[in-house]
Amino acid sequence: MTDEAPAPDRVDNAPHPRETVQLLGQDAAEQTFIRALNSGKLHHGWLLTGPRGVGKATLAWRIARFLLANPDAEADGRTGIPAPTNTLNVAAEHPVARRIASGAESTLKSITRSINPDTKRLRKQIVVDDIRSLNGFFHMSAADGGRRVVIIDDADEMNANAANALLKMLEEPPKGAVLLLISHQPSGLLPTIRSRCRTLRLFPLKPNDMSAALAQASAHATIEETGALAALANGSVGAALRLSSSGGVALYSDLIELMSTVPNMDRMKAFKLAESTSQRGAEAKLTLLFTLVDILLARLARTGALGQPPMPAVHAKEAAVLARLSPTPAQGRAWAALAQEVSARAQHGLAVNLDPTALVLDTLTKIGARAPSPRMPAG
């Protein structure tokens, strides 16, 4: 893949997963794979699951790098049993690591959404031709012997025909093939695909791991910003990187300042916020605002359900604001219901190009109207 080509498997302003050498906070998943590898009975299909942005692609590339740098003894025609390992680390100067870094490793194939040759645009799905291209890959790489590794990022994006084509490969895998499927929502995959793969479950990163992951991705954030990013991103370093590069913490702070005036919302502050995300060229900021509104409503719902605000707080006023606006489980459920309503309306409004100022003001008004009265708390 060239630098100019679209990269649906890469977060903007962050290294590609194949360039991220160290995997942070996912030791359990990595050790599960290592135990299977050391057992000498490595499964041909692996499903890497968990929230978006927690390191699934990084783990897939680590697995691919290790498997190809340490060929299976039997597949290579050698005798003896490979020595057990306790790590998937591969030296950066290893020939396989160098070839993978440059995209020149012939025994590794990465499947992502491809360019439609008719429209010259990136497809919205992985199509059957993308999966069928693996037939040529396996045929051409068979002469090399040893393992062949396929990474599908992500499997959730396969259309029905592509999924059925992949199922056939999982049912009758080529010799030496290891298929690594990345999935954020495995429940949407064919049950027969899930049943033919071993699952590696990855979890949200803890604050210390998040800080190290952001540093590894060259995201320059203060300790306070790192804590805020971890809270807003719910342990997803991918989401944290997107928020960091787009000013998400500052924009969320503006939302909290506005919510501190609810239920008598400061209309001037609301208008300024709407106007700042509605100017020409501010489309990304508008999308970010609705993402942060979703996060805010989720944190309000969680506050009501748990009886206390989620920690760490993102803003100095946040804990007090959340506690005041969501004092009971009933109010928490009200915020959760509003989140679905607001998200659906925002997606529709963005899709049909509604006036952005009006869309933002309507959203903020709905939030203000759902807030409990200071004299009569909900529930």
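Student: Which strands does helix 2 lie across, and at about what angle does helix 2 run to strand 4?

Tutor: This is a predicted model, in which local features need pLDDT of at least 70, side-chain atom pairs count only at pLDDT 80 or more, and totals for chains, interfaces and linings use all residues. Residues are numbered from 1 along each chain as its sequence is written, and side-chain values use heavy atoms, with hydrogens and water left out. Helices (H or I, at least four residues) and strands (E, at least two) are DSSP runs, numbered from the N terminus; axes are lines fitted to C-alpha atoms, for helices over the stretch in contact, and angles run from 0 to 180 degrees between N-to-C directions. Helix 2 (residues 56-69) lies across strand 1, strand 2, strand 3, strand 4 (177-183) and strand 5, and its angle to strand 4 is about 170 degrees.

Student: In what order are the strands of the open sheet arranged?

Tutor: Two strands pair if DSSP finds at least two bridges between them. The pairing in this open sheet of five strands is parallel, and the order is 2-3-4-1-5. Strand 2 (108-111) and strand 5 (198-201) each pair on one side only, and these are the edge strands. On average, direction ignored, neighbouring strands of this sheet are turned against each other by 20 degrees, and the order asked for is 2-3-4-1-5.

Student: Which residue in strand 3 is the bridge partner of Ile111?

Tutor: Strand 2 and strand 3 (residues 148-153) run parallel and are joined by four bridges. In strand 3, the partner of Ile111 is Ile152.

Student: Is Ile151 buried or exposed?

Tutor: Ile151 has its place in strand 3. Contact means heavy atoms within 4.5 Å, and, not counting residues up to four places away in sequence, Ile151 touches residues including Ala60, Trp61, Ala64, Leu108 and Leu180. The C-alpha atoms of Ile151 and Leu108, 43 residues apart along the chain, are separated by 7.9 Å. Buried means under 20% relative accessible area, exposed over 50%, and partly exposed in between (1.4 Å probe, protein chains only); with a relative accessible area of 0%, Ile151 is buried.

Student: Why is helix 10 described as roughly antiparallel to helix 11?

Tutor: The axes of helix 10 (residues 248-259) and helix 11 (residues 267-276) come within 10 Å and cross at roughly 160 degrees. Angles under 35 degrees count as roughly parallel, over 145 as roughly antiparallel, 65 to 115 as roughly perpendicular and the rest as oblique. Helix 10 is therefore roughly antiparallel to helix 11.

Student: What is the handedness of the crossing of helix 11 and helix 15?

Tutor: The axes of helix 11 and helix 15 (residues 356-370) cross at roughly 140 degrees and come within 9 Å, which makes helix 11 oblique to helix 15. In this contact, Arg267, Ala270, Phe271, Leu273 and Ala274 in helix 11 meet Thr357, Val360, Leu361, Leu364 and Thr365 in helix 15. A crossing is left-handed if the near helix is turned anticlockwise from the far one by less than a right angle, and right-handed if clockwise. The crossing of helix 11 with helix 15 is right-handed.

Student: What percentage of the residues of the chain count as buried?

Tutor: The chain has 15 helices and five strands. Of its 379 residues, the share that count as buried is 46%.
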